[in-house]
Amino acid sequence: GENNTAQFVRALLYKMKLIQYNEEDAFFKSLSEMKSEEAAAVFPMKQFLNSLIGDMYWTYYQNNRYDLLERTRVENFTLEDIKTWDATKIIEQSIQYYKNSISEPERLQQVSLEGYNDMLNNYVYDKYIPNGRKYRPALYDFLAFKAIGFFSNKEAGVTRPAEQFLLNDPIFMSDAKEFSVLDISTKDVFSFDYYAITILRDVIRFHLNDGNVDALVDADLKRLEFVFNSSGNAEKENLYLKALQNLLDKYSVYPV
């Protein structure tokens, strides 16, 4: 049951803490163990493990960035041996695992984070949010924001396609309701911005529907800040200010 999931994840997190990422072989052993756990896992453990594995690949990338970026995109890697992979291959894996971590969103939205409290205490709550839990009521929120955290990285190490996804359109700073129904698409499969903005849209839509104002306003502030930081629109200061004012007016009676 859900309780077992929490205990299982707690044990795994503890085990991972013991493995130093700089001991390369220990890292690979841990990764392969995690992957076999994930293969056997069911909802919601499966999603949680996908998030952790995405995190492991990303950490590996960050710790070995310079070596990885020097490896040319040759076809000499073997799927079994991560040590032969180049940067793009590692990042591809991170993207895939983070996407998998929020599969079955409707079900994840039904799982309250309450059962996971003590386990998550020292893991990944946003240090800057007092009462973090108020803003992450469901397991979905928690996993979605882990993914958003990853996709908010401005990663230079990946090839940029001709058709790059951009956040310059003022529509991305529109009112939450309007934003929540945007049809956002791109052919750019490596666009971190694209994944971040679509997950933010889905979180905002979820909380517009369930009426959780705390979680909604928190997600919307994150969305506006993210677009502001990513946009190349010359008017972005004004758009940002207007959007914040709009949010303030709309929710002025709420403590949040």
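Author: Let us begin with residue classes: Ala, Val, Leu, Ile, Met, Phe, Trp, Tyr, Cys and Pro count as nonpolar, Asp, Glu, Lys and Arg as charged, and the others, Gly among them, as polar. Please keep in mind throughout that this is a predicted model.

Reader: What does the lining of the largest cavity have by class?

Author: Under that scheme, the lining of the largest cavity has seven nonpolar, two polar and five charged residues. The cavity itself has a volume of about 100 Å³, and a search of the whole structure finds three cavities of 30 Å³ or more. Among the 14 residues that line the largest cavity, those closest to its centre are Asp175, Ala176, Asp220, Leu247 and Lys250.

Reader: Which helix gives the most to the lining of the largest cavity?

Author: That is helix 13, with four residues; the elements giving two or more residues to this lining are helix 10 (176-180), helix 12 (213-230) and helix 13 (236-250).

Reader: What makes Lys236 a charge over the face of Phe228?

Author: The distance part of the rule asks for NZ of Lys within 6 Å of the ring centre, and Lys236 lies over the face of Phe228 at 4.8 Å from that centre. Lys89 likewise lies over the face of Trp85, at 5.5 Å from the ring centre.

Reader: How do you know that helix 5 is largely enclosed by the rest of the structure?

Author: A residue is called buried when its relative accessible area is under 20%. Ten of the 14 residues of helix 5 are buried, so the helix is largely enclosed; among them are Lys89, Ile90, Tyr97 and Tyr98.

Reader: And what shows that the span of helix 5 agrees with its 14 residues?

Author: At 1.5 Å a residue, helix 5 (residues 87-100) should span 20 Å, and because its end C-alpha atoms are 20 Å apart, the two values agree.

How values were computed
Residues numbered from 1 in each chain as written. Predicted model: local features only at pLDDT ≥ 70, side-chain atom pairs only at ≥ 80, totals over all residues. Heavy atoms only, no water. Lys NZ or Arg CZ within 6 Å of the ring centre and 35° of its normal. 1 Å grid on protein atoms, 1.4 Å probe; cavity = no way out; pocket = protein on both sides within 12 Å on 5 of 7 lines; lining within 4 Å. Points joined across faces, edges and corners; volume = space filled by probe spheres on them. Expected span 1.5 Å × (residues − 1). Buried < 20%, exposed > 50% of the residue type's maximum accessible area, 1.4 Å probe, protein only.
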